[in-house]
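Here is a short report on the model shown below. Look at the sheets first, then at the contact between the chains.

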2 protein chains.
Amino acid sequence: MRAAVYHGPRDVRVEDVPEPELEAATDAVVRVTHTAVCGSDLWFYRGDSDRDVPSTVGHEPMGIVEAVGDDVRSVAPGDRVFAPFKISCGACEFCRKGLHTSCVNGEGWGGDNGGAQGEKIRCPHADGTLVRVPDRYADDEDALRSLLPLTDVMGTGHHAAVSAGVGAGDTCVVIGDGAVGLCGVAAARRLGAERIVAVGHHDDRLDLAESFGATDTVAERGDAAGERIRELTHGGTNHVLECVGASSSMELATEVCRPGGTIGYVGVPHGLDGGLDLFDFFPNNLTLRGGMAPVRAYAEELMADILQGTLDPAPVFTKTVDLENVAEGYRAMDEREAVKVLVEV
Amino acid sequence: MRAAVYHGPRDVRVEDVPEPELEAATDAVVRVTHTAVCGSDLWFYRGDSDRDVPSTVGHEPMGIVEAVGDDVRSVAPGDRVFAPFKISCGACEFCRKGLHTSCVNGEGWGGDNGGAQGEKIRCPHADGTLVRVPDRYADDEDALRSLLPLTDVMGTGHHAAVSAGVGAGDTCVVIGDGAVGLCGVAAARRLGAERIVAVGHHDDRLDLAESFGATDTVAERGDAAGERIRELTHGGTNHVLECVGASSSMELATEVCRPGGTIGYVGVPHGLDGGLDLFDFFPNNLTLRGGMAPVRAYAEELMADILQGTLDPAPVFTKTVDLENVAEGYRAMDEREAVKVLVEV
C-alpha cells in the first residue's frame, strides 16, 4: 500500500510500505479515506524535533473499518470512524476520567501501526480509540470534512477553552491564529463567551477567526500586542487560550491575564528552554491549566454539535491534496500558504 | 516608640523610631500587642533578598485600635484586631472577588506605616484590612495566640489547600514542614482530606504535622522522597500543596502529582532561576494554581473555626520572645531551632 514516509527535513515521500494487519484481538484495521497535515508535523519537517528516518507519518485518521479482532465490540467492518492523535484503551483510570492522553496503554500513530497519512492503519485498542460516525452521515462528504478536525485541532482548541475556564458571558483572549487557535475561538463561542479577542499575525487567518466568532482581532506584535489587548479587555482577561506554545506567546498570555485569571494552554511547549517564569504568576495568582488535549474525551460531545450544524471547524482546511501529493501539503503549511491541509486518500 | 529595625544581614535591632499617626481619614492607628517573625523575613535577614537599610520590619500585626480616621466604620478605639501581611482596601474589583493581594490600593507593611514588629502601626484602609476579633475573645490569650497565624501562615496554608483543590475524601501531599506547610496540613484536614502525606526534613516538625492531621510523613530526600510518596499514594496524588517555593520542592511536586492533578503553590518562588519546566506539565495535564495568598479573604471563615475549637494553628509558635529580644527570634528561626516565633510587644 501507499503511505507518506519521512526521510529527513523537508523530505516526505509517498512510497510502497507493508500493509498493516490485525495483531491483537482488540485491534481494528481501518482503510483511511481522509487525513490531514498538522502544525505539529512541521516540527520534524523543519528539523526542529527528532524523528526516526525513515518513518511513516500522520496522526489524524478517518476511514472505513476493514477488519476487527475478536474482542472488538463497538465497531464493525464497513463502519465510518475517525481516531484521535493518540491511541487510548478506554478502560484505564485515566481514560475513565476523560484524560485519554495519559492512558496507561496509550501510544501514538506511526511505527508498526502505520502512520495516518497512508492507505491503511492498524488501530490498537479499537474500542477505546475509534469514534464511530453515525450511519446517516457516514458518506456525507461535508459532514466528514467538518468532523475530521475532531481527530486533533478542534478537540485541542476546545481543551484550551475548557482549561481556561471559559463560560457563558465571559471575555477571553485566544493567542494564535493557526488551526488550533481558530478552533479555540469556535470552542469559546460554543461555550458562551461574549467577547473573544483573537490574536495573530495573518490577516486572512484573523478573518477566519472572525467567521468563527472572534469579536475583536489583534494583529500587533511585541509590546504593542499586549497594550492593545489590555486596552480591549479593560486591563486584562480572566480567560486566556494559549494556542501556540512558544515562549513569546506564553509571555503575552501572562501579560494579558487578569489577576486571578487562568491560562489554558495546549501548544506543545517549544522554545521555552528558559522555563516558565513563575515571578509573573505568583503575585497575580494566575492559574496555568491544560496540556496535551484528551480529544477522545471531547469527540462525542463536539460531534453532536457539528452534526446538528452549530459548530463547523471545516474552514480550517484551506487546501486539499491527495495522498500522492502530500508533500505539497507539507510545503504549503510550512510556507504558511495553508492554515491546514486535508489529505484525500 | 520601640520597633525592630533592619540594618543589614543578620542585624536586626530594636530602636526608638517616630510614632505613626493618623494621616488619612481611612487610617487607624493600632497599638501592637502580638506579632511574629515569618519565614519570609529570613530572606532579607540572610541577605538573600534586598531591603532598604535601615527599615522597619514585620508584617503580622495584632493589637488594640488606638485611633481611627473620620471615615473608618468597622473598627473603633479599644477593639482587638489583627491584619494580614498585605493592606487592602476591601472595595476594589480584586478585593470584592476575594483576591485582596491584588488590591489596586494595596501595599505592604513597613516604611511610613511602620513595621508590625514595633509598638504601633498606622493601618491604611482600616475598613478593608483590619479583622476585628469578637469582643468575647478580645482578651483571651489562648484564643489570640491561635488567631495570630491568620495574619499570614494559616491563610497561606489554606490557600495552598484550596488552590490544590483539596476536598472531602481526598488524598493529598504537603511539601514543606515549615509553618506554612504545617498550616497546609491543618487546612487539608479541615477541608476533609482523608489521607495527608506531609513531606519534610525535620522529625520534630513532622511530629507536629501528625498532630495537625498528617496521616503519613516522608523524611526522605532527593529521589527517595519521590519514590516513597508515589508508593504511599499508589503512583501519585491529585492534590499537591507546594509550601516551599524552591526549585527542588517544585520538582518534587511535579514528580508526585498524578496526571490530571493540581499543584497548589504558595511558596514565594526562589532559586527557580531556570523557570518552571513545562515539559513535565504538558503531557500529564498538570494544573498549577496558587500564588500570594489572599489571607484577608479567608480570615473570617478560618477565625470562626478557630474560635469554635476545630482548628488551632497555635502550635506553629514553638518559641516566644518579647519585642526587645526580637533579634533572638530571628536567630532561632534562621538556625531552625524554632518553627515560628511569636513576639509579645
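Which residue in strand 2 of chain A stands opposite A:Tyr6? The residue is A:Val12.

## Basis

This is a predicted model: local features need pLDDT of at least 70, side-chain atom pairs count only at pLDDT 80 or more, and totals for chains, interfaces and linings use all residues. Residues are numbered from 1 along each chain as its sequence is written, chains are lettered from A and ligands numbered from 1 in the order in which they are written, and side-chain values use heavy atoms, without hydrogens and water.

## Sheets

Chain A has an open sheet of 3 strands in the order 2-1-4, with antiparallel pairing. Strands are DSSP runs of E with at least two residues, helices are runs of H or I with at least four, and both are numbered from the N terminus. Two strands pair if DSSP finds at least two bridges between them. Strand 1 (residues 2-6) of chain A pairs with strand 2 of chain A over 5 bridges, in the antiparallel sense. Strand 2 (12-16) and strand 4 (55-56) of chain A are edge strands; each pairs on one side only.

Chain B also has an open sheet of 3 strands, with the order 2-1-4 and antiparallel pairing. Its edge strands are strand 2 (12-16) and strand 4 (55-56) of chain B. Strand 1 and strand 2 of chain B share 5 bridges. Here B:Tyr6 stands opposite B:Val12.

## An aromatic pair

Rings of Phe, Tyr and Trp (its six-membered ring) pair if their centres lie within 6.5 Å; planes under 30 degrees apart count as stacked, over 60 as edge-to-face and the rest as tilted. The count is 8 aromatic pairs over all chains. The ring centres of B:Tyr6 and B:Phe44 lie 4.8 Å apart with planes at 70 degrees, so this pair is edge-to-face. The pair links strand 1 of chain B to helix 1 (residues 41-45) of chain B, across 38 residues.

## Contact between the chains

Chain A and chain B each give 35 residues to the contact (heavy atoms within 4.5 Å). The buried area is about 3,000 Å², 58% of it from carbon and sulfur atoms. Buried area is the accessible area (1.4 Å probe) lost on putting two parts together, summed over both. In chain A, A:Leu278, A:Phe282 and A:Asn285 lose the most area to chain B, together 25% of what that side buries.

There are 2 salt bridges between the chains (a side-chain nitrogen of Lys or Arg within 4 Å of a carboxyl oxygen of Asp or Glu). One salt bridge joins A:Glu93 and B:Arg258, at 2.6 Å, N to O.
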